[in-house]
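Here is a protein model to question. Each label is to be set against its cut-off.

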Amino acid sequence: MDFKILIYILLTSVFVNNYVLQRFLGICPFLGVSKKLDTALGMGAAVAFVLTLATIVTYLIQVYVLEAFGLEYLQTIAFILIIAALVQMVEIVLKKVSPSLYQALGVFLPLITTNCCILGVAILVAQGTYNTQGLEANLLTGVVYAIATAFGFALAMIIFAGIREHLSMMNIPRGMQGMAIALVTAGLLAMAFMGFSGVDAGLAKALGL
(Lines give C-alpha, C1' and ligand atoms only; values in the text may rest on other atoms or scores of the structure.)
Protein backbone atom coordinates (compact mmCIF):
# COMPACT_ATOMS: atom_id res chain seq x y z
CA MET A 1 0.00 0.00 0.00
CA ASP A 2 1.45 3.34 -1.09
CA PHE A 3 1.85 5.68 1.89
CA LYS A 4 0.84 8.59 -0.36
CA ILE A 5 -2.65 7.15 -0.68
CA LEU A 6 -3.07 7.13 3.10
CA ILE A 7 -1.86 10.76 3.31
CA TYR A 8 -4.34 11.75 0.61
CA ILE A 9 -7.26 10.02 2.39
CA LEU A 10 -6.25 11.55 5.72
CA LEU A 11 -5.99 15.17 4.53
CA THR A 12 -9.03 15.17 2.27
CA SER A 13 -11.25 13.51 4.88
CA VAL A 14 -10.30 16.03 7.56
CA PHE A 15 -10.45 19.25 5.56
CA VAL A 16 -12.06 18.84 2.12
CA ASN A 17 -14.82 16.34 2.96
CA ASN A 18 -15.38 17.18 6.62
CA TYR A 19 -18.53 15.31 7.58
CA VAL A 20 -19.89 18.03 9.85
CA LEU A 21 -19.03 21.21 7.96
CA GLN A 22 -19.16 19.94 4.38
CA ARG A 23 -21.57 17.00 4.39
CA PHE A 24 -23.68 18.16 7.38
CA LEU A 25 -23.71 14.77 9.10
CA GLY A 26 -23.48 14.46 12.89
CA ILE A 27 -25.01 17.90 13.46
CA CYS A 28 -26.86 16.87 16.64
CA PRO A 29 -23.76 16.26 18.82
CA PHE A 30 -21.96 19.08 17.01
CA LEU A 31 -24.49 21.62 18.26
CA GLY A 32 -25.46 19.92 21.52
CA VAL A 33 -22.08 19.03 23.05
CA SER A 34 -20.01 22.02 21.97
CA LYS A 35 -20.73 24.54 24.72
CA LYS A 36 -17.57 23.60 26.62
CA LEU A 37 -14.19 22.54 25.31
CA ASP A 38 -13.76 19.58 27.67
CA THR A 39 -17.09 17.99 26.72
CA ALA A 40 -16.29 18.54 23.03
CA LEU A 41 -12.97 16.75 23.50
CA GLY A 42 -14.73 13.88 25.28
CA MET A 43 -17.37 13.52 22.60
CA GLY A 44 -14.73 13.70 19.87
CA ALA A 45 -12.74 10.92 21.53
CA ALA A 46 -15.84 8.77 22.05
CA VAL A 47 -16.94 9.21 18.42
CA ALA A 48 -13.40 8.45 17.20
CA PHE A 49 -13.30 5.19 19.16
CA VAL A 50 -16.78 4.06 18.11
CA LEU A 51 -16.31 5.13 14.49
CA THR A 52 -12.99 3.32 14.06
CA LEU A 53 -14.12 0.13 15.78
CA ALA A 54 -17.51 0.17 14.04
CA THR A 55 -15.84 0.53 10.63
CA ILE A 56 -13.66 -2.54 11.21
CA VAL A 57 -16.48 -4.69 12.60
CA THR A 58 -19.09 -3.66 9.99
CA TYR A 59 -16.61 -4.19 7.14
CA LEU A 60 -15.90 -7.75 8.32
CA ILE A 61 -19.61 -8.44 8.82
CA GLN A 62 -20.36 -7.09 5.35
CA VAL A 63 -17.72 -9.22 3.61
CA TYR A 64 -17.84 -12.45 5.59
CA VAL A 65 -21.50 -12.61 6.61
CA LEU A 66 -23.84 -10.41 4.56
CA GLU A 67 -22.19 -10.86 1.16
CA ALA A 68 -21.24 -14.47 1.82
CA PHE A 69 -24.82 -15.47 2.56
CA GLY A 70 -26.58 -13.04 0.23
CA LEU A 71 -27.97 -10.89 3.04
CA GLU A 72 -26.86 -7.48 1.74
CA TYR A 73 -30.40 -6.14 2.21
CA LEU A 74 -29.88 -6.39 5.99
CA GLN A 75 -26.89 -4.03 5.89
CA THR A 76 -28.52 -0.99 7.50
CA ILE A 77 -30.19 -2.92 10.33
CA ALA A 78 -27.07 -4.97 11.03
CA PHE A 79 -24.83 -1.89 11.08
CA ILE A 80 -27.17 0.00 13.44
CA LEU A 81 -27.21 -2.95 15.86
CA ILE A 82 -23.41 -3.19 15.80
CA ILE A 83 -22.99 0.54 16.40
CA ALA A 84 -25.53 0.44 19.24
CA ALA A 85 -23.61 -2.38 20.92
CA LEU A 86 -20.31 -0.49 20.61
CA VAL A 87 -21.86 2.68 22.04
CA GLN A 88 -23.18 0.69 24.98
CA MET A 89 -19.67 -0.60 25.59
CA VAL A 90 -18.23 2.94 25.50
CA GLU A 91 -20.94 4.10 27.90
CA ILE A 92 -20.06 1.37 30.40
CA VAL A 93 -16.33 2.13 30.17
CA LEU A 94 -16.82 5.88 30.59
CA LYS A 95 -19.12 5.37 33.56
CA LYS A 96 -16.37 3.44 35.35
CA VAL A 97 -13.28 5.32 34.14
CA SER A 98 -14.53 8.93 34.02
CA PRO A 99 -17.87 9.51 35.79
CA SER A 100 -17.54 13.29 35.39
CA LEU A 101 -17.24 13.03 31.61
CA TYR A 102 -20.07 10.51 31.58
CA GLN A 103 -22.32 12.98 33.42
CA ALA A 104 -21.18 15.88 31.20
CA LEU A 105 -22.05 14.05 27.99
CA GLY A 106 -25.41 13.04 29.41
CA VAL A 107 -28.05 12.15 26.84
CA PHE A 108 -25.72 12.86 23.92
CA LEU A 109 -23.66 9.75 24.60
CA PRO A 110 -26.48 7.35 23.64
CA LEU A 111 -27.15 9.63 20.65
CA ILE A 112 -23.89 8.37 19.12
CA THR A 113 -25.98 5.30 18.26
CA THR A 114 -28.04 7.36 15.83
CA ASN A 115 -25.16 9.58 14.70
CA CYS A 116 -25.52 9.50 10.93
CA CYS A 117 -21.81 10.27 10.59
CA ILE A 118 -20.86 6.87 12.04
CA LEU A 119 -23.45 4.95 10.03
CA GLY A 120 -22.54 6.87 6.87
CA VAL A 121 -18.84 6.09 7.16
CA ALA A 122 -19.54 2.42 7.93
CA ILE A 123 -21.73 2.06 4.83
CA LEU A 124 -19.32 3.92 2.55
CA VAL A 125 -16.36 1.82 3.69
CA ALA A 126 -18.32 -1.42 3.36
CA GLN A 127 -19.36 -0.45 -0.19
CA GLY A 128 -15.92 0.90 -1.08
CA THR A 129 -17.33 4.21 -2.37
CA TYR A 130 -15.53 6.60 -0.01
CA ASN A 131 -12.68 7.70 -2.29
CA THR A 132 -12.94 10.14 -5.18
CA GLN A 133 -9.78 9.34 -7.11
CA GLY A 134 -10.46 5.70 -7.97
CA LEU A 135 -8.08 4.48 -5.27
CA GLU A 136 -8.06 0.89 -4.10
CA ALA A 137 -10.70 0.32 -1.44
CA ASN A 138 -9.78 -2.19 1.27
CA LEU A 139 -9.90 -2.52 5.04
CA LEU A 140 -6.68 -0.53 5.60
CA THR A 141 -7.77 2.49 3.57
CA GLY A 142 -11.23 2.18 5.12
CA VAL A 143 -9.83 2.33 8.65
CA VAL A 144 -7.64 5.31 7.73
CA TYR A 145 -10.71 6.99 6.25
CA ALA A 146 -12.68 6.32 9.45
CA ILE A 147 -9.89 7.66 11.67
CA ALA A 148 -9.49 10.75 9.48
CA THR A 149 -13.25 11.35 9.48
CA ALA A 150 -13.33 11.05 13.27
CA PHE A 151 -10.40 13.47 13.54
CA GLY A 152 -12.19 15.92 11.26
CA PHE A 153 -15.35 15.58 13.36
CA ALA A 154 -13.39 16.20 16.57
CA LEU A 155 -11.50 19.12 15.00
CA ALA A 156 -14.74 20.82 13.97
CA MET A 157 -16.23 20.30 17.45
CA ILE A 158 -13.13 21.61 19.25
CA ILE A 159 -12.91 24.74 17.09
CA PHE A 160 -16.64 25.34 17.47
CA ALA A 161 -16.52 24.78 21.25
CA GLY A 162 -13.61 27.20 21.62
CA ILE A 163 -15.51 29.88 19.70
CA ARG A 164 -18.67 29.31 21.77
CA GLU A 165 -16.72 29.62 25.03
CA HIS A 166 -15.42 33.00 23.88
CA LEU A 167 -18.91 34.05 22.76
CA SER A 168 -20.31 33.21 26.20
CA MET A 169 -18.11 35.95 27.68
CA MET A 170 -19.20 38.58 25.16
CA ASN A 171 -22.12 40.99 25.26
CA ILE A 172 -24.36 39.53 22.55
CA PRO A 173 -27.79 41.04 21.73
CA ARG A 174 -30.59 39.11 23.41
CA GLY A 175 -32.16 38.09 20.13
CA MET A 176 -28.93 36.43 19.02
CA GLN A 177 -28.08 34.61 22.23
CA GLY A 178 -28.09 30.83 22.56
CA MET A 179 -28.70 28.67 19.52
CA ALA A 180 -29.11 31.65 17.17
CA ILE A 181 -25.49 32.81 17.45
CA ALA A 182 -24.38 29.15 17.50
CA LEU A 183 -26.00 28.51 14.11
CA VAL A 184 -24.51 31.68 12.64
CA THR A 185 -21.09 30.67 13.94
CA ALA A 186 -21.46 27.15 12.53
CA GLY A 187 -22.39 28.62 9.14
CA LEU A 188 -19.35 30.89 9.12
CA LEU A 189 -17.13 27.98 10.14
CA ALA A 190 -18.56 25.88 7.29
CA MET A 191 -17.88 28.72 4.87
CA ALA A 192 -14.28 28.86 6.12
CA PHE A 193 -13.85 25.14 5.39
CA MET A 194 -15.26 25.71 1.89
CA GLY A 195 -11.89 27.32 1.19
CA PHE A 196 -10.47 23.78 0.99
CA SER A 197 -12.78 22.89 -1.92
CA GLY A 198 -10.79 21.66 -4.90
CA VAL A 199 -7.69 20.99 -2.84
CA ASP A 200 -8.22 17.22 -3.23
CA ALA A 201 -7.52 17.32 -6.98
CA GLY A 202 -4.37 19.39 -6.51
CA LEU A 203 -3.25 17.14 -3.66
CA ALA A 204 -3.77 14.01 -5.72
CA LYS A 205 -1.70 15.53 -8.53
CA ALA A 206 1.05 16.58 -6.12
CA LEU A 207 1.20 13.07 -4.66
CA GLY A 208 1.19 11.48 -8.10
CA LEU A 209 -2.06 9.59 -7.64
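Helices (H or I, at least four residues) are DSSP runs, numbered from the N terminus. This is a predicted model, in which local features need pLDDT of at least 70 and side-chain atom pairs count only at pLDDT 80 or more, while totals for chains, interfaces and linings use all residues. Residues are numbered from 1 along each chain as its sequence is written, and side-chain values use heavy atoms, with hydrogens and water left out.

Q: Where is Thr 12 found?
A: Thr 12 is part of helix H1, residues 3-16.

Q: Why is Thr 12 called buried?
A: Buried means under 20% relative accessible area, exposed over 50%, and partly exposed in between (1.4 Å probe, protein chains only). Thr 12 has 5% relative accessibility, so Thr 12 counts as buried.

Q: Which backbone oxygen lies 3.3 Å from a polar atom of the side chain of Thr 12?
A: That of Ile 9. A polar contact is a pair of N or O atoms within 3.5 Å; within protein, one must be able to donate a hydrogen and the other to accept it, and residues adjacent in sequence count only if both atoms are side-chain atoms.

Q: What is Thr 12 in contact with, leaving aside its neighbours within four places in sequence?
A: Contact means heavy atoms within 4.5 Å. Thr 12 then touches Asn 17, Asp 200 and Leu 203.

Q: How do you know that the span of H1 agrees with its 14 residues?
A: The expected span of a helix is 1.5 Å times one less than its number of residues. For H1 that should give 20 Å, and the end C-alpha atoms are 19 Å apart, which agrees.

Q: Which residues of H1 are buried, and what do they pack against?
A: The buried set is Ile 5, Leu 6, Tyr 8, Ile 9, Thr 12, Ser 13, Val 14 and Val 16. They pack against helix H7 (139-167), helix H8 (179-193) and helix H9 (199-207).

Q: What makes H7 and H8 oblique to each other?
A: Axes are lines fitted to C-alpha atoms, for helices over the stretch in contact, and angles run from 0 to 180 degrees between N-to-C directions. Angles under 35 degrees count as roughly parallel, over 145 as roughly antiparallel, 65 to 115 as roughly perpendicular and the rest as oblique. The axes of H7 and H8 cross at roughly 135° and come within 11 Å. H7 and H8 are therefore oblique. The contact is made by residues including Leu 155, Ile 159 and Ile 163 of H7 and Ile 181, Thr 185 and Leu 189 of H8.

Q: How do you know that the 15 residues of H8 span what they should?
A: At 1.5 Å a residue, H8 should span 21 Å; its end C-alpha atoms are 21 Å apart, which agrees.

Q: Why is Leu 189 called buried?
A: Leu 189 sits in helix H8. Its relative accessible area is 10%, so Leu 189 is buried. Leaving aside its neighbours within four places in sequence, Leu 189 is in contact with Leu 21, Ala 156, Ile 159 and Phe 160.

Q: How far apart are Leu 189 and Ile 163 in sequence and in space?
A: They are 26 residues apart in sequence and 9.9 Å apart in space, C-alpha to C-alpha.

Q: What do the buried residues of H8 pack against?
A: Against H1, helix H2 (27-32) and H7.

Q: Why are H4 and H6 called oblique?
A: Helix H4 (residues 75-97) and helix H6 (residues 116-127) pack at an angle of about 125°, with their axes 10 Å apart. H4 and H6 are therefore oblique to each other. Among the residues that meet are Phe 79 and Ile 83 in H4, and Leu 119 and Ile 123 in H6.

Q: What makes H6 and H7 roughly antiparallel?
A: They pack at about 160°, with axes 10 Å apart. H6 and H7 are therefore roughly antiparallel. Cys 117, Val 121, Leu 124 and Val 125 of H6 make the contact with Gly 142, Tyr 145, Ala 146, Thr 149 and Phe 153 of H7.

Q: Why does Phe 24 count as exposed?
A: Phe 24 lies in the loop between H1 and H2. Its relative accessibility is 53%, so Phe 24 counts as exposed.

Q: What is the phi of Phe 24?
A: Phi is near 60°, a positive value in a residue other than glycine. Most residues other than glycine have a negative phi.

Notes: Helix = DSSP H or I, 4+ residues; strand = E, 2+ residues; numbered from the N terminus.
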